[in-house]
Number of protein chains: 2
Amino acid sequence: MKPGSSTGVSCRLLFDRTVWPLKITSNPNMVKTEVAIVGMGTVGSGVARLLLDHGDRTARHAGRTLWLSHVVVRNLQQSREAKLPDGLLTNDLNRVIRDPNVKVVAQLIGGVEPAKSIMLKLLESGKDIVTANKALLAEHGPELFDRARQLGRSIAFEASVAGGIPIVTNISQCLSANQIISLRGILNGTSNYVATRMDQDDLPYAQALKKAQEWGFAEADPSYDVDGSDAAQKLAILAHLGFGARIRWNHIPRRGIDSLTKTDLNYAKQLGYRIKLIAFALQSDSGLQLTVAPMLVKIGKPLAEVRENFNAISVVGDAVGPVFFHGQGAGRMPTASAIVADMIDTAVGRTGLTFKTLELWSDGVPRVEMAHPGDLAGRFYLRFNVRDEPGVLAKLAGILGDNGISIASVYQHTADGSNQDSIPLVIMTRDTTEHNADNAVFEIEKLPCVVAGTERLRILD
Amino acid sequence: MKPGSSTGVSCRLLFDRTVWPLKITSNPNMVKTEVAIVGMGTVGSGVARLLLDHGDRTARHAGRTLWLSHVVVRNLQQSREAKLPDGLLTNDLNRVIRDPNVKVVAQLIGGVEPAKSIMLKLLESGKDIVTANKALLAEHGPELFDRARQLGRSIAFEASVAGGIPIVTNISQCLSANQIISLRGILNGTSNYVATRMDQDDLPYAQALKKAQEWGFAEADPSYDVDGSDAAQKLAILAHLGFGARIRWNHIPRRGIDSLTKTDLNYAKQLGYRIKLIAFALQSDSGLQLTVAPMLVKIGKPLAEVRENFNAISVVGDAVGPVFFHGQGAGRMPTASAIVADMIDTAVGRTGLTFKTLELWSDGVPRVEMAHPGDLAGRFYLRFNVRDEPGVLAKLAGILGDNGISIASVYQHTADGSNQDSIPLVIMTRDTTEHNADNAVFEIEKLPCVVAGTERLRILD
């Protein structure tokens, strides 16, 4: 069969089959770049599949065979979804380190250690790295990137943000003629899946999260996903790339979906909005604003229509205008798609050229200053729990007015006769600042007619 | 001012201002790659603006200054939107050809000649080319690309398809680990603008087109845009890149929006669909299907929500799954964004590496065979004009059944009492093939109860 002849083209997604024996389809007589995989979990098995079962495509796009020489795992006995050809699997990292023919390594182990030590060892032994480990980059990017630069090596990390959506290449290469003005992303699939379940199936947070875990869209410990940390790590990477920021991820103000209530999702929907966990970056005249938080997005806008575990990013460049990307943010084959594209780019030499000019995590002066978070302008959704007595709205409106906040609309749920301690009062504001909204809420919460449990969410315009 | 300091960052789109004096912001002491522009129309002035007014960004991303040395125009006297610094403008192409320091040329003149001769001359004098001229590539791609390969030069053409959406890089580089399964694009902004006006403002085709011309979204002679040719040229380029096809654009079955009626837009809307000009590619088991035609897209699906002059592309890769891109498909600054990104890629050396492995318009064996257009499966919207007499539906349904076509729904407009010669009968079919739909329509149109003017549109699933 000639490689890629139409009879050899499969027209089906590669997602569905989970256990399969992999075969070597690469042409052994073609010029080779030898590669290795360290870590054979979900993503690793997807990468192995593309390299072995579909060697013709990597060969075609790289102009050479990407020849998989070693697959390093911790435990040789563990059962795996992909059955590798004999002789590939090893638990000895030194087999890769001491093999001078291996040029590119897909390092696919999660967490910080031993991932960091392994990456440094691989760089020092002359390997170029491809990784999906955003937590490692977010924590130790400067050290790893400096070391790679010193050694004349590269680290490619397309898969670390938004999985199958090639946002890293798009921002750092395709949109390089632009000053990026803003970036709004749904970057955490778990949170979006949970928010979708809460919205569509009318489930409370805990039940929606349980469903996500049952369906494999949330880890056993989902805290970094649902508290906004994972999205903040990804936003930090994009802020480095797109704006020349030098911020650490844990300095980004963040809030997750773990405190969201069905009540607010329902009010938002009645007002024509969905609540989404948004990673937000804005180049304002006073500097760069970064934040991760659940926000109200108008139904019908592309970001509001991102469902299930999908990711999406809306970027505005000053030349290109708005560009919107939507796709799978995680999962075996979408992530493997990004990893293997990076391996091809690295083998061909493109990554090396890009890496030299990216000022990623360098010690250089940041290109932007960070704006004060309190200055971030925008509209707000405010839900107060108030006692059902005369004059309440006047008091609240007075305090908002004193803080320079105009009211766009008020939504008051009339008491239904049951003996409720308080009733919700929802106020949508006109443009104001984070600072003013904070002050107003602080003062309003001191009123005797206001009960605990205020919600304050940003409205994305 | 240090380049790109936060005070130097503009947070506004570059679209709005149309007349401006350009200044050189590049650092003359930095390592330079000298570049030239041939053709100073709308896009050319945008490119000059990014290179001159925003030299810091190209320098940052290229690791060197892209130094604009010459701008070649046909007529020196013509008034231009951008005022160039002294000494740049010339009407002598030889100034570029004989200047060995100029490495990269943005060739921004439209049409086939003299664009083709100029491109060959530039390649032969050792220049790498960046172009937005899809018509030239669609007509003479093989000759131009072969010549560039022989000479060890490159042609970059991101701007030739979908303007500011970086679809060329995404398909040829970012998604290179995938077999592309399908591609559905809104690739012609003029058609989409006209269809949007027909839909939203309830205008007939001719008036909507007039509005497009008034607003600058359609040329004085819009025939290539509205008859589907422009979209077919772009689809041919994407089919080469994504599927390894070797088809000429004018062999792609195509129909434009110029024969669309408000009647069908309105029926489609009542049934929950919008009609969009879709460039369609599907890798089926019987080969590659390519077609350009107005199709019904379900309201709420991303492609149905693409409004005004925007472009969008939905790609399905077998590993990455569905990826969706949306952005400005034309215009000065979006197109300039793509051109300048290509100039940076070329100056850095990435384009050269990519160009070597792209099998674009090579004489090599195509990777796919073309499927028979009649085999293309799908659902159809059929509108017949029928006489208002008993038994008509039975006759039509009988013929559809004889051709193996099941009916999903029927929509019959009851006569409103006015003395109409015929009434419309709309039928939505279940899955069938182009071939069967053609046969059925052919037979139905022979019925005495059927009046001329049948409409047959594909429904995009």
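In the predicted model, helix α6 of chain B is largely enclosed by the rest of the structure, since 8 of its 8 residues are buried. These are B:Ile167, B:Val168, B:Thr169, B:Asn170, B:Ile171, B:Ser172, B:Gln173 and B:Cys174. Helix α6 (167-174) is also among the elements that give two or more residues to the side of chain B that touches chain A. In the loop between β8 (155-156) and α6 of chain B lies B:Ala162, which has a positive phi of about 65° although it is not a glycine. Most residues other than glycine have a negative phi. B:Ala162 is buried, because 34 other C-beta atoms lie within 10 Å and a count of 20 or more defines a buried residue.

The contact between the two chains takes 64 residues from chain B and 64 residues from chain A. On the side of chain B, two or more residues come from each of α2 (55-62), α6 (167-174), β10 (273-284), β13 (321-328), α12 (332-348) and α13 (350-357). Of these elements, α12(B) gives the most, with 9 residues. By class, this side of chain B has 29 nonpolar, 26 polar and 9 charged residues. Strand β13 (residues 321-328) of chain A runs antiparallel to β13(B), and 3 bridges join the two strands. Within this pairing, A:Phe324 stands opposite B:His326 of β13(B).

Chain B is superposed on chain A by a rotation of 180° with 0.0 Å of shift along its axis, at an RMSD of 0.0 Å. The two copies are therefore related as by a two-fold rotation axis. The same surface serves both copies, as 100% of the contact residues of chain B recur in chain A.

Chain A is assigned three domains, namely domain 1 (6-160), domain 2 (174-327) and domain 3 (373-460). The C-alpha centres of domain 1 and domain 2 of chain A lie 29 Å apart. Contact between these two domains of chain A involves 5 residues of domain 1 and 5 residues of domain 2. The side of domain 1 of chain A that touches domain 2 of chain A is made up of 3 nonpolar residues, 1 polar residue and 1 charged residue.

Chain A contains an open sheet of 6 strands in the order β5-β3-β2-β6-β7-β8, with parallel pairing. Its edge strands, β5 (89-90) and β8 (155-156) of chain A, each pair on one side only. Strand β8(A) pairs in the parallel sense with β7 (residues 128-131) of chain A over 2 bridges, and A:Ile129 stands opposite A:Ile155 in β8(A). Helix α4 (residues 115-124) of chain A packs on the sheet, where it touches β2 (32-38), β6 (102-107) and β7 of chain A. The direction of this helix makes about 170° with that of β6(A).

The loop between β6 and α4 of chain A holds A:Pro114. A cis peptide bond joins A:Glu113 and A:Pro114, with omega about 5°. In chain B, a cis peptide bond joins B:Glu113 and B:Pro114, with omega about 10°. B:Pro114 is found in the loop between β6 (102-107) and α4 (115-124) of chain B. Most peptide bonds are trans.

Helix α1 (residues 42-53) of chain A includes A:Val43. This residue is buried, with 26 other C-beta atoms within 10 Å. Apart from residues up to four places away in sequence, A:Val43 touches A:Leu108, A:Ala132, A:Arg332, A:Thr335, A:Ala336 and A:Ile339. A:Val43 and A:Leu108 are 65 residues apart in sequence, and their C-alpha atoms are 7.1 Å apart in space.

A positive phi is also found at B:Glu308, a residue other than glycine, with a value near 50°. B:Glu308 lies in the loop between β11 (287-298) and β12 (310-317) of chain B. With 15 other C-beta atoms within 10 Å, B:Glu308 is partly exposed, whereas B:Ala162 is buried.

Technical notes:
Residues numbered from 1 in each chain as written. Chains lettered and ligands numbered in written order. Predicted model: local features only at pLDDT ≥ 70, side-chain atom pairs only at ≥ 80, totals over all residues. Least-squares fit on C-alpha atoms with pLDDT ≥ 70 in both. Contact = placed C-beta atoms within 7 Å. Domains from an automatic or database assignment. Nonpolar A, V, L, I, M, F, W, Y, C, P; charged D, E, K, R; others polar. Pairing = 2+ DSSP bridges. Helix = DSSP H or I, 4+ residues; strand = E, 2+ residues; numbered from the N terminus. Axes fitted to C-alpha atoms, helices over the stretch in contact; angles between N-to-C directions. Buried ≥ 20, exposed ≤ 12 C-beta atoms within 10 Å, placed from the backbone.
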